[in-house]
Amino acid sequence: FKRTVRNFRRIFIKNIDFTAQDCRLSSFDIKPGKYLEISIKDTGEGMAPEVVSHIFEPFFTTKERGKGTGLGLSVVYGTIQDHGGAITVYSEKDKGTVFNIYLPVVEQASDQKPVEHDSIIGGGTILLVDDEELVRDVASGLLTSLGYEVITAENGKIGVELFAEFRDKINIIILDMIMPVMGGAEAVKKIREIDSNVPIIIASGFSKEKDIESLNEQNISGFIQKPFRVAEINKLINNIRK
């Protein structure tokens with residue numbers, strides 16, 4: 001019996017020390033000290049150098065038009081950067097790819113910087129609708145860290161169904177615009193048929209100038225460009241809830 005594994009993924013974790021020289025050579029704003037290195041390796045088909053060089057850029061994707069936004073890795077890049085870490089990628093065609101994530105280690109709770117008073121929003125439930133699994137995972141983590149319960153959906157149709165089921169529980173909806181099955185614009189219309197007042201935030205890379213007028217007719221509460229940062233989404237939600 002012979003079995004061929006086409007794509008095998010492994011995850012390795014270890015502690016490392018970054019010297020002052022390591023930090024000077026890094027393209028990230030990192031400080032010397034102890035870091036946790038998380039390596040994700042696979043044995044897939046790999047990526048060409050021209051793909052690797054653009055892999056973290058917003059809206060860069062190798063998928064067909066309409067199949068992906070190209071924001072997943074850009075969101076990851078920004079989130080790691082916000083936490084004082086770094087991420088690198090190495091890939092060879094027909095050999096595989098490895099992503100290395102470096103996050104600073106906090107040895108004692110007292111070493112952590114105090115949280116700003118206005119950085120915690122509090123309780124409530126947010127419905128997050130986005131077709132990119134990585135975006136959902138990262139954004140859900142950010143929102144949870146701000147004190148929210150998060151319900152996620154991978155397209156507008158499921159988002160509308162979830163809102164209809166949990167409308168009394170959901171306080172805010174964060175909605176992507178370009179999704180399969182049902183896009184954001186159609187989802188907004190159907191949500192407004194159910195509830196004309198629930199706050200809806202559009203999170204997308206689309207041009208505000210082009211679409212803001214038609215969306216404002218649907219009583220949109222706010223817009224945020226992807227990939228968004230903790231401070232940005234925190235400020236927007238705070239303003240909506242005042």
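**Figure 1. The buried residues of helix α8 in the predicted model.** In this predicted model, helix α8 has four residues named here as buried, namely Ile-233, Asn-234, Leu-236 and Ile-237. Seen down the axis of α8, the buried residues fall within an arc of 165°, so they line one face of the helix. On the face turned away from this buried side, α8 carries the exposed residues Ala-231 and Lys-235. The helix itself runs over residues 230–241, which makes 12 residues, and from its first C-alpha to its last it reaches 16 Å, close to the 16 Å expected at 1.5 Å a residue.

**Figure 2. The surroundings of the buried side of α8.** The buried residues of α8 pack against several elements of the chain: the strands β5 (125–129), β7 (172–175), β8 (200–204) and β9 (222–225), together with helix α4 (133–145).

**Figure 3. The aromatic pair of Phe-18 and Tyr-102.** A pair of aromatic rings is described by the distance of the centres and the angle of the planes. The count of aromatic pairs comes to three, and one of them is formed by Phe-18 and Tyr-102, whose rings lie 5.2 Å centre to centre with 50° between the planes, a tilted arrangement. Phe-18 belongs to strand β1 (residues 9–18) and Tyr-102 to strand β4 (residues 96–104), so the pair ties together parts that are 84 residues apart in sequence.

**Figure 4. The aromatic pair of Phe-28 and Tyr-77.** The ring centres of Phe-28 and Tyr-77 are 5.0 Å apart and the planes stand at 45°, so this pair is tilted. Because Phe-28 lies in the loop between α1 (20–25) and β2 (33–42), while Tyr-77 lies in helix α3 (residues 72–82), the pair ties together parts that are 49 residues apart in sequence. Phe-28 is buried, with a relative accessible area of 7%, whereas Tyr-77, at 23% relative accessibility, counts as partly exposed.

**Figure 5. The protein chain as the setting of these views.** The secondary structure of the protein chain comes to eight helices and nine strands, and of its 242 residues 43% count as buried. Among the contacts between residues at least 6 apart in sequence, 63% join residues that are at least 24 apart. The protein chain exposes about 14600 Å², and carbon and sulfur atoms supply 50% of this area.

Terms used
Residues are numbered from 1 along each chain as its sequence is written. This is a predicted model: local features need pLDDT of at least 70, side-chain atom pairs count only at pLDDT 80 or more; totals for chains, interfaces and linings use all residues. Side-chain values use heavy atoms; hydrogens and water are left out. Helices (H or I, at least four residues) and strands (E, at least two) are DSSP runs, numbered from the N terminus. The expected span of a helix is 1.5 Å times one less than its number of residues. Buried means under 20% relative accessible area, exposed over 50%, partly exposed in between (1.4 Å probe, protein chains only). The arc is that of the directions from the helix axis to the C-beta atoms. Contact means heavy atoms within 4.5 Å. Rings of Phe, Tyr and Trp (its six-membered ring) pair if their centres lie within 6.5 Å; planes under 30 degrees apart count as stacked, over 60 as edge-to-face and the rest as tilted. Accessible areas come from the Shrake-Rupley method with a 1.4 Å probe; for residues, only the protein chains shown count as cover.
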